[in-house]
Amino acid sequence: MSGPVDERAIDWVNEGQLGIEVRQGRTANIGGFQVVRVLPTKGRRTVGAWCFVDLMIPPDTIDPHPLEIGPHPHIGLSTATWLFAGEALHGDSLGTEQVIRPGQLNLMTAGYGIAHSELSSAGGVLGVQMWIAQPEETRHGTSTFEHHASVPQIELANGEGSLLVGSFQNATSPARADTALVGVDVHLAPGVSEVDLQPTFEYGIVPIDNPVKVDGAIVEPGWLGMIEAGPNSVRLEAGAGGTHLMFLGGEPLGERIQMWWNFVGRTKEELTDAWRAWQNHDTDRFGPVPSRLARIEAPPPPWLRED
Ligand code: MN
């Protein structure tokens, strides 16, 4: 992926400004499904409690791809699924079977343990899959699944947004939020939008289709534009084609998390326990999933391979 931003340009833009850090996403493969992984990225694990952002957008095409991810487990996180095109069937160990379409939000919270599967209908999907780390208070708790058939719509100076989680301007999403955070799907018209920020939040701007200037720093599609906590507002500028982007933020987590495979914990021992439970078909922790897809086996954790 090439873009007009080089290191020198970033340094120049950042000089005397708010300190926008720009990180390039990388392509990854999930069960044959090409994604662009924006978070975690080198040296940056979280934006607020957001700890994982995959754009389900093939880097080489705008065509939807089929999504077929068999039953697999999660602990210590919420998954937020938001589609731009197509539809997918979510199944989980709570017994949920739920179709999701563009404009709708699936929010699954794992707590101590949940298993789920995702299967797109004919034609495939475009969208974004995000994880939110759970805080200490809830991460050992019971799992929940929420489907929101619609989410609050918000107006921006030069665009509009769908509020997935948290609060933004005068709106609050009905979706569960275990930490102070915000997630908005934003469509900007060409031109400048001044967006209010919560000074205690850090933010990540993730363009989907076209680049956006974040206080003058160019952020390309599939990249992460980071705004550290502090400022009261940010200037977003879209080019002639406008921009579709994800606007994510939250209070810095304040806890050091450990992520491996589909698990978020605090220690390797916790991750190992979850891995063993899945390998041992421990249905007390990870129940059966209504899905015709094959179960996904976990690789051994690297710290066990080294022994
Ligand atoms: Mn999953």
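## Terms and model

Buried here means under 20% relative accessible area, exposed means over 50%, and partly exposed is whatever falls in between. Tryptophan 261, for one, has a relative accessible area of 24%, so tryptophan 261 goes down as partly exposed. Keep in mind that this is a predicted model.

## The manganese site

Three histidines supply the protein donors for the manganese ion: His72, His74 and His116, each through its NE2 atom, at 2.1 to 2.2 Å from the metal. Written as a sequence pattern, the donor spacing is H-x1-H-x41-H. Histidine 74 sits in strand E5 (residues 68-74) and histidine 116 in strand E10 (residues 114-120), a pair that links distant parts of the chain, 42 residues apart.

How accessible is histidine 74, buried or exposed? Histidine 74 is buried, at 1% relative accessibility. Histidine 116 also comes out at 1% and counts as buried.

## Salt bridges

Side chains of opposite charge can pair when their charged atoms come close. The model has 11 salt bridges. One of them joins arginine 44 to glutamate 228, with 2.9 Å from N to O. Arginine 44 is in the loop between strands E3 (33-39) and E4 (50-56), while glutamate 228 is in the loop between strands E21 (223-227) and E22 (233-238), so this pair ties together parts that lie 184 residues apart in sequence. Arginine 44 is buried at 12% relative accessibility, whereas glutamate 228 is partly exposed at 28%.

Two other bridges are worth a look. Glutamate 255 pairs with arginine 266, their closest N and O atoms 2.9 Å apart. This pair links distant parts of the chain, 11 residues apart: glutamate 255 belongs to the loop between strands E23 (243-250) and E24 (258-260), and arginine 266 to the loop between strand E25 (263-265) and helix H2 (268-279). Glutamate 255 is partly exposed at 28%, and arginine 266 is buried at 14%. Then there's glutamate 136 with arginine 139, where the closest N and O atoms are 2.8 Å apart. Glutamate 136 is partly exposed at 33%, but arginine 139 is buried at 6%.

## Aromatic pairs

The count of aromatic pairs is 10. Among them, phenylalanine 201 and tyrosine 203 make a tilted pair, 6.0 Å centre to centre with 45° between the planes. Phenylalanine 201 is buried, with 9% relative accessible area, and tyrosine 203 is buried too, at 3%. Tryptophan 261 and phenylalanine 263 go edge-to-face instead, with 5.6 Å between centres and a 75° angle between planes. Since over 60 degrees counts as edge-to-face, that angle is why the pair gets this label. While tryptophan 261 is partly exposed, phenylalanine 263 is buried at 0% relative accessibility.

## Charges over rings

Trp303 turns up again here: lysine 268 lies over the face of tryptophan 303, at 5.7 Å from the ring centre. Elsewhere on the list, arginine 285 lies over the face of tyrosine 112, at 3.8 Å from the ring centre.

Definitions and conventions. Residues are numbered from 1 along each chain as its sequence is written. This is a predicted model: local features need pLDDT of at least 70, side-chain atom pairs count only at pLDDT 80 or more; totals for chains, interfaces and linings use all residues. Side-chain values use heavy atoms; hydrogens and water are left out. A salt bridge is a side-chain nitrogen of Lys or Arg within 4 Å of a carboxyl oxygen of Asp or Glu. Helices (H or I, at least four residues) and strands (E, at least two) are DSSP runs, numbered from the N terminus. Buried means under 20% relative accessible area, exposed over 50%, partly exposed in between (1.4 Å probe, protein chains only). Donors are N, O and S atoms within 2.8 Å of the metal (3.2 Å for Na, K and Ca); water is not among the atoms, so sites may look incomplete. Rings of Phe, Tyr and Trp (its six-membered ring) pair if their centres lie within 6.5 Å; planes under 30 degrees apart count as stacked, over 60 as edge-to-face and the rest as tilted. A charge sits over a ring if NZ of Lys or CZ of Arg is within 6 Å of the ring centre and within 35 degrees of the ring normal.
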